[in-house]
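This report describes how the parts of one chain are placed and what they touch. Please look at the sequence and the model before reading on.

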Amino acid sequence: MTIHPAPTRLLPWAGPDGKPCYLVGDGAGYVSRVADTIERLQLDMADEILGHAADMLADHKTGTRELRYLARGLSDALRDVRRVAESRGARLSPN
């Protein structure tokens, strides 16, 4: 009899010390649904900040302070989207 380990999922948030959080299970529980919701929100927020970036970069009056704020938001969004992609990619791997 072959025992298959339970699948793990990288969650879309980090622990208090910044380390990744994982969920072990079949993906049908409450925490999985919360993670799905958070991922959708993160992707939506990334789309929104990209729209703001296009507007701000097109406006030559945008100052350094605004560009730094934009860069911080883009960096945060990129980190979140990367984590979502890593999590979803790992779940696509053949068993």
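Predicted model: local features only at pLDDT ≥ 70, side-chain atom pairs only at ≥ 80, totals over all residues.

A54 is a residue of helix α1. Along the sequence, A54 and P7 are 47 residues apart, and in space their C-alpha atoms are 39 Å apart.

A53 also belongs to helix α1. Is A53 buried or exposed? The relative accessibility of A53 is 6%, so A53 counts as buried, the limit being under 20%. Setting aside neighbours within four places in sequence, A53 is in contact with L70 and L74. Between A53 and G73 there are 20 residues along the chain, and 9.4 Å separates their C-alpha atoms.

Two more residues can be described in the same way. S32 is placed in helix α1. With a relative accessible area of 2%, S32 is buried. If residues up to four places away in sequence are not counted, S32 touches R9, L23 and G27. L78, in contrast, lies in helix α2. The relative accessible area of L78 is 59%, so L78 is exposed, which requires over 50%. From L78 to A14 the distance is 64 residues in sequence and 15 Å in space, C-alpha to C-alpha.

The table lists the accessibility of these residues.

| Residue | Relative accessible area | Class |
|---|---|---|
| S32 | 2% | buried |
| A53 | 6% | buried |
| L78 | 59% | exposed |

The helices themselves come next. Helix α1 covers residues 30-58, and helix α2 covers residues 64-92. The end C-alpha atoms of α1 are 43 Å apart, which agrees with the 42 Å that its 29 residues should span at 1.5 Å a residue. Helix α2 has 29 residues and reaches 41 Å from its first C-alpha to its last, close to the expected 42 Å.

How do the two helices meet? Their axes come within 9 Å and cross at roughly 145 degrees. The crossing in which α1 passes α2 is left-handed. On the α1 side, the residues in this contact include E39, Q42, A46, I49 and A53. On the α2 side, L70, G73, L74 and A77 are among them. Sorted by class, the contact of α1 with α2 has 13 nonpolar, 3 polar and 5 charged residues.

Which residues make up the largest nonpolar core? There are 5 residues in all: A46, I49, A53, L70 and A77. Each of the helices α1 and α2 supplies at least two residues of this core. Helix α1 gives the most, with 3 residues. In soluble globular proteins, nonpolar side chains tend to be buried together. One member of the core, L70, touches I49, A53, M56 and L57 when residues up to four places away in sequence are not counted.

In α1, the buried residues are S32, A35, E39, Q42, A46, I49 and A53. What do the buried residues of α1 pack against? They pack against β1, β2 and α2. In α2, the buried residues are L70, G73, A77, D80, R83, V84 and S87. These residues of α2 pack against β1 (8-14), β2 (20-24) and α1.

Notes:
Residues numbered from 1 in each chain as written. Heavy atoms only, no water. Axes fitted to C-alpha atoms, helices over the stretch in contact; angles between N-to-C directions. Helix = DSSP H or I, 4+ residues; strand = E, 2+ residues; numbered from the N terminus. Left-handed = near helix turned anticlockwise from the far one by under 90°. Contact = heavy atoms within 4.5 Å. Nonpolar A, V, L, I, M, F, W, Y, C, P; charged D, E, K, R; others polar. Core = buried A, V, L, I, M, F, W, Y, C linked by side-chain atoms within 4.5 Å. Buried < 20%, exposed > 50% of the residue type's maximum accessible area, 1.4 Å probe, protein only. Expected span 1.5 Å × (residues − 1).
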